[in-house]
Amino acid sequence: MRIPRIYTAQPLGADRDLVLEPVASQHLGRALRMQAGDSVYLFDGSGAQYSATITSVEKKCVTLITGSAIEHDTESPLAISLGVAISRGDRMDLVVQKATELGVAAITPLFTERTEVKLSAERALKKYRHWQQIIISACEQCGRNSLPKLHSPENVDQWLPRTQGDRKFVLHHRNTEDVAATATPASIDLLIGPEGGLSQAEIDMAHTSGFEALSLGPRVLRTETAPLAALAILQARWGDMDPGNQGG
């Protein structure tokens with residue numbers, strides 16, 4: 001049986017007794033039906049992973065004792081900050097989940113001129129918490145010990161001036177220029193527009209902020225497909241996805 005990986009917001013250390021949060025406790029106790037003596041891995045989002053043993057299982061409360069820290073670095077050397085227009089329904093959920101699996105370092109949900117989703121302050125906070133939980137679940141599944149930074153939703157014209165990546169790319173399917181070859185960047189900012197695309201004014205604004213146009217080929221990709229394809233390409237070119245390594 002695969003040993004579960006569980007996130008906890010509590011700072012971890014070796015040989016500590018701790019009680020898991022209710023959601024994690026119910027997942028272990030009810031969904032996975034784990035019992036005292038079973039093993040799990042714990043991580044707190046800071047980069048460390050610890051072995052742990054369950055000492056008791058109650059209805060909404062699982063108690064564990066941690067073992068030693070385990071070296072398990074799965075973070076990409078390429079720090080990609082993704083600014084992506086908010087999409088409808090579960091499309092945004094998919095982007096957040098898969099971007100986390102693909103090693104993104106930060107995600108900023110963006111409002112653009114053609115973004116159809118409108119969020120009140122209350123709904124934006126609810127969405128933020130929902131996306132944060134998706135990130136946690138994705139990290140538990142894919143083996144990451146560091147949580148990507150999730151920023152609060154903001155307008156694209158607020159995000160652009162704050163970007164500081166070594167390279168900056170804006171997805172533009174009408175671009176025909178090749179990406180210039182330079183030294184391997186340590187960080188990248190990636191801007192993805194909504195289903196209807198960024199407006200010309202927004203593309204011009206991105207270029208003014210130092211963004212280069214990036215095309216993903218002749219086909220127009222859906223709003224939930226484009227960021228994932230771009231992330232995979234960038235990770236393969238400058239990150240830790242090696243197309244030549246076909247090992248299991």
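A: Let's start at Glu154, which lies in strand β9 (residues 154-155); strands here are DSSP runs of E with at least two residues, helices are runs of H or I with at least four, and both are numbered from the N terminus. Bear in mind that this is a predicted model, where local features need pLDDT of at least 70, side-chain atom pairs count only at pLDDT 80 or more, and totals for chains, interfaces and linings use all residues. Residues are numbered from 1 along each chain as its sequence is written, and side-chain values use heavy atoms, with hydrogens and water left out.

With a relative accessible area of 13%, Glu154 is buried (buried is under 20% relative accessible area, exposed over 50%, partly exposed in between, using a 1.4 Å probe and protein chains only). Setting aside neighbours within four places in sequence, Glu154 is in contact with Thr108, Pro109, Leu110, Phe111, Trp159 and Arg162, contact being heavy atoms within 4.5 Å.

Searching the whole structure turns up three aromatic pairs; rings of Phe, Tyr and Trp (its six-membered ring) pair if their centres lie within 6.5 Å, and planes under 30 degrees apart are stacked, over 60 edge-to-face, the rest tilted.

Phe169 and Trp238 make a stacked pair, because their ring centres are 6.2 Å apart and their planes sit at 15 degrees. That pair also links distant parts of the chain: Phe169 is in strand β10 (residues 167-171) and Trp238 in helix α6 (residues 226-238), 69 residues apart. Both Phe169 and Trp238 are buried.

Now for the core. The largest nonpolar core has 34 residues, and Ile80, Leu82, Ile107, Leu190 and Leu234 touch the most other members; such a core is a set of buried Ala, Val, Leu, Ile, Met, Phe, Trp, Tyr and Cys residues joined through side-chain atoms within 4.5 Å. Elements giving it two or more residues include β7 (106-111), β10 and α6, while the largest share, six residues, comes from α3. Beyond neighbours within four places in sequence, Ile107 has contacts including Leu82, Val84, Val96 and Ile135.
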